[in-house]
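This report describes a single protein chain, from its overall dimensions down to selected residues. Please consult the sequence and the three-dimensional view below while reading.

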Amino acid sequence: MLILVTGGAGFIGSNFVLDWLASSDEPVITLDQLTYAGNRDNLASLERDERHQLIVGNIGDAELVTRLLDQHQPRAIVHFAAESHVDRSIHGPRAFIDTNILGTFSLLECARQYWSDLPEPARSAFRFLHISTDEVYGSLAPQDAAFTESHSYQPNSPYSASKAASDHLVRAWHHTYGLPVLTTNCSNNYGPYQFPEKLIPLMISNALSGKDLPIYGDGLNVRDWLYVGDHCTAIRRVLESGRCGETYNIGGWNEKPNLEIVHLICDMLDKARPREDGLSYRTQIRYVTDRPGHDRRYAIDASKMEQELGWRPAETFETGIQKTIQWYLDNPDWVARITSGAYREWPQTNYAERSQA
């Protein structure tokens with residue numbers, strides 16, 4: 001018995017693989033193309049672990065995926081592999097179409113053929129778990145109720161549109177072909193091993209490097225924040241007991257505006273790693289022109305996860321962000337290696353063209 005994890009060298013995927021093998025002896029095959037956000041270092045602790053194998057490859061390579069399925073006979077596919085950064089999707093949407101839509105389509109077809117050929121009881125036990133995002137639901141006004149699983153899809157960026165499309169494909173492959181699928185839509189994740197293009201690791205990295213802390217618009221865009229370790233336990237519960245064909249929203253019950261997040265990071269760093277000049281890291285904050293189509297608010301109603309599967313997040317935002325900041329302070333070598341490559345060019349591409357507001 002084993003599972004196949006796509007995108008398992010990325011941020012959430014690697015946390016899931018590490019969590020899985022810390023909690024279970026069931027082996028994992030990780031398939032990852034190792035693009036800029038897929039990092040071998042994330043899985044370095046497993047290099048000599050016989051329960052884990054990293055395969056470098058593309059989910060759109062049907063020949064490779066078919067061979068892996070036939071060779072290893074996984075009982076489940078956990079599909080994390082995706083392009084996931086909204087800003088990058090604005091600058092270069094094609095990669096998001098190729099990976100999130102066409103890649104998911106190819107993976108579904110390989111999974112369908114593999115599943116169809118399985119003997120019982122393996123065929124009935126097989127699961128395809130698709131990891132998606134709350135961004136497919138669009139934007140909420142301040143007074144709106146949080147997203148539920150029945151909320152209509154209204155994606156507003158190339159990224160969220162590509163994920164919405166992949167969600168629809170997964171649903172269709174269940175209803176048309178009977179493929180036993182599960183879908184999860186999560187809120188904003190944060191925690192160890194996150195590539196420093198997203199808000200929290202970018203603010204931590206830039207603060208410690210003495211760089212500007214760029215804040216879009218007025219900084220009052222609201223997100224629901226989910227510690228990645230809690231996300232991993234939720235995925236395990238869905239894979240274990242989720243009903244085939246169902247969608248489960250996974251959230252942290254932590255709605256906070258971006259500016260409040262940045263202020264909290266600065267204040268925690270002021271205590272944990274004070275600046276040499278004695279000033280607060282808040283002095284590095286700079287407001288920049290907002291990005292196009294910036295959704296104002298996301299909020300997840302995770303009641304279904306609690307009522308059906310007995311899951312709630314273990315971390316508050318305050319405990320989760322403390323763990324996250326401490327991890328980045330304790331792992332400067334990881335940060336230095338990952339920021340020495342493609343990341344260096346990204347802030348220049350994305351933020352230099354935005355005048356300070």
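## Terms and basis

A residue is called buried when its relative accessible area is under 20%, exposed when over 50%, and partly exposed in between (1.4 Å probe, protein chains only). Helices (H or I, at least four residues) and strands (E, at least two) are DSSP runs, numbered from the N terminus.

The model is a predicted one, in which local features need pLDDT of at least 70 and side-chain atom pairs count only at pLDDT 80 or more, while totals for chains, interfaces and linings use all residues. Residues are numbered from 1 along each chain as its sequence is written, and side-chain values use heavy atoms, with hydrogens and water left out.

## Overall architecture

The chain contains 13 helices and 12 strands. Its radius of gyration is 20 Å, which agrees with the value near 21 Å that a compact globule of 357 residues would have; the radius is taken over C-alpha atoms, and the globule rule is 2.2 Å times the number of residues to the power 0.38. Along the principal axes, the C-alpha atoms fill a box of roughly 65 × 50 × 40 Å.

Of the 357 residues, 54% are buried. A contact requires heavy atoms within 4.5 Å. Among contacts between residues at least 6 apart in sequence, 81% join residues at least 24 apart.

## Surface and charge

The chain exposes about 15,100 Å², and carbon and sulfur atoms supply 48% of this area. Accessible areas come from the Shrake-Rupley method with a 1.4 Å probe; for residues, only the protein chains shown count as cover.

There are 33 positive and 46 negative side chains, and the centres of the two sets lie 1 Å apart. Lys and Arg count as positive and Asp and Glu as negative, whereas His and the chain ends are not counted. Each charge is placed at NZ of Lys, CZ of Arg, CG of Asp or CD of Glu.

## Two covered strands

In a regular strand the side chains alternate between the two faces of the sheet. Strand β2 is largely enclosed by the rest of the structure, because five of its five residues are buried. V28, T30 and D32 lie on one side of β2, with I29 and L31 on the other. Strands count as paired if DSSP finds at least two bridges between them. Strand β1 (residues 3-6) pairs with β2 in the parallel sense over four bridges, and L4 stands opposite I29 of β2.

Strand β6 (residues 181-186) is also mostly covered, with six of its six residues buried. V181, T183 and N185 point one way from β6, while L182, T184 and C186 point the other way. Strand β5 (residues 127-133) runs parallel to β6 and is joined to it by six bridges. T133 has C186 in β6 as its bridge partner.

## Buried residues and their contacts

L129 belongs to strand β5 and is buried, with a relative accessible area of 0%. Its C-alpha atom is 4.8 Å from that of V78, 51 residues away along the chain. Beyond its neighbours within four places in sequence, L129 contacts I77, V78, H79, L182, T183, T184, I235, V238 and L239.

W334 lies in helix α12 (residues 332-338) and is buried at 5% relative accessibility. Residues up to four places away in sequence aside, W334 touches N39, D41, N42, Y193, Q194, W327 and Y328. W334 and N39 are 295 residues apart in sequence, and their C-alpha atoms are 10.0 Å apart. L46, in the loop between β2 and β3, is buried with a relative accessible area of 7%. Not counting residues up to four places away in sequence, L46 touches V17, L18, L21 and H52.

## Backbone features in loops

Which residues are joined by a cis peptide bond with omega of about 5°? The bond links E120 and P121, and P121 lies in the loop between α4 (94-117) and α5 (122-125).

L34 has a phi near 55°, a positive value in a residue other than glycine. This residue lies in the loop between β2 (28-32) and β3 (52-56) and is partly exposed, at 23% relative accessibility. W253 has a positive phi near 55°. W253 is found in the loop between β10 (247-250) and β11 (255-257), and its relative accessible area of 38% makes it partly exposed.
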